[in-house]
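This briefing goes through a few local features of one protein model. Have the sequence and the 3D view open while reading.

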Amino acid sequence: MSLFKKKNTKYTSPPVPPPPVEDVYNQSNGVDNNNGAQKSQLVFHCQQAQGSPLGLISGFSNVKELYQKIAECYDFPPEDILFCTLNTHKVDMKKLLGGQIGLEDFIFAHRKGRPKEIEIVKTEDALGLTITDNGAGYSFIKRIKEGSIVSRIQHIEVGDHIERLEGESMVGKRHYEVAKLLKEIPKGTTFTIRLVEPLKSGFGSIGPKSGSARSSKKQNYGSGKETLRFKANGQATIENEHDEKSKAGIEKINELLESFMGINDSELATQMWDLAEGKTNSMQLAEAIDNSDLQEFGFTDEFIIELWGAITDARSGRLS
């Protein structure tokens, strides 16, 4: 079609002016801000933990979508991702990506590496494992207790994905389901576990460097005091970070989850902390849990009492 038209002598109404172009920060991305009136286009830097070029990702509102975006960026299946860490390429469980990402965080994706099958004799009631999951169907080892059965097995490491247990697939199960199955194995039993370790790099020099592109587009990242938080309903919101009392309370709740259930889940601990807001006693908290999606965990009365104690200690500043 020609860009130039013949002059028309007939009267035509003036053209309707086009709508104003939206600023890039208000374009739809499935990420609501605090009041839900606007949506934000957030851009994050990412890299494969074993080494890769720098990638830029955006347009995700939950962990599965995040994995999909990383996979598209590097052209591999999203099922290859075991978990992600923030601001380090190392298998550092303290830096594990859970239900939230700081707006200036650098994301490292840890991909599937070598599978390994290990035969274990359960000589004690507890194996000494703390298990978490990636929010997308993969459970993996977050901590190994010193002096435990597993700590004496050389080939089992933190970060290993628990793929199969006695031939049964563990893919798609939540961490507490896998922990329950391991706990129910009778003492004295010999069983086989299939693990998949994270892909290892041949060098340790990768990662965000000072003066990198990360600082050149700082307007895309925010102040560092805000967090992109993934909600259970599939939405993501930008929220301010928890204060020190809240952080201490969430950490203590996570310790209780590990002690009572053998799982480590900062997202679950945060959900419990938020659920306790406005509650004045353990009965109100128990009722709130029973009326939420947390009721499927079947928490005992003893756990609820310990949970409420941790919450009241944190509120009063005794944990800070």
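The model is predicted.

**Helix α6**

- Helix α6 spans residues 282–290, and its buried residues are Leu 285, Ala 288 and Ile 289.
- An α-helix has 3.6 residues a turn, so residues three or four places apart point the same way.
- Met 283, Glu 287 and Asp 290 are exposed, and they sit on the face of α6 turned away from its buried side.
- The cover over the buried residues of α6 includes two other helices, α5 (266–275) and α7 (301–315).
- Where α6 starts, the backbone nitrogen of Met 283 has a side-chain oxygen of Asn 281 within 3.1 Å.

**Cysteines**

- How many disulfides are there? The count is zero, with a disulfide taken as a pair of cysteine sulfur atoms within 2.5 Å.
- For Cys 73, the nearest cysteine sulfur belongs to Cys 46 and is 4.5 Å away, and Cys 73 is in no disulfide.
- Cys 73 counts as partly exposed because its relative accessibility is 33%, a value that falls between the cut-offs of 20% and 50%.
- The sulfur of Cys 84 also has Cys 46 as the site of its closest cysteine sulfur, but the distance of 8.4 Å is too far for a bond.
- Is Cys 84 buried or exposed? Its relative accessibility is 1%, so Cys 84 counts as buried.

**Residues with positive phi**

- Most residues other than glycine have a negative phi.
- Asn 87 is not a glycine, yet it has a positive phi of about 70 degrees.
- Where is Asn 87? It lies in the loop between strands β4 (81–86) and β5 (100–102).
- With a relative accessibility of 35%, Asn 87 counts as partly exposed.
- Glu 166, also not a glycine, has a positive phi of about 50 degrees.
- The loop that holds Glu 166 runs between strands β9 (161–165) and β10 (168–169).
- Glu 166 counts as exposed because its relative accessibility is 52%, and the cut-off for exposed is over 50%.

Note on methods. Residues numbered from 1 in each chain as written. Predicted model: local features only at pLDDT ≥ 70, side-chain atom pairs only at ≥ 80, totals over all residues. Heavy atoms only, no water. Buried < 20%, exposed > 50% of the residue type's maximum accessible area, 1.4 Å probe, protein only. Helix = DSSP H or I, 4+ residues; strand = E, 2+ residues; numbered from the N terminus. Contact = heavy atoms within 4.5 Å. Polar contact = N/O pair within 3.5 Å; in protein donor to acceptor, adjacent residues only side chain to side chain.
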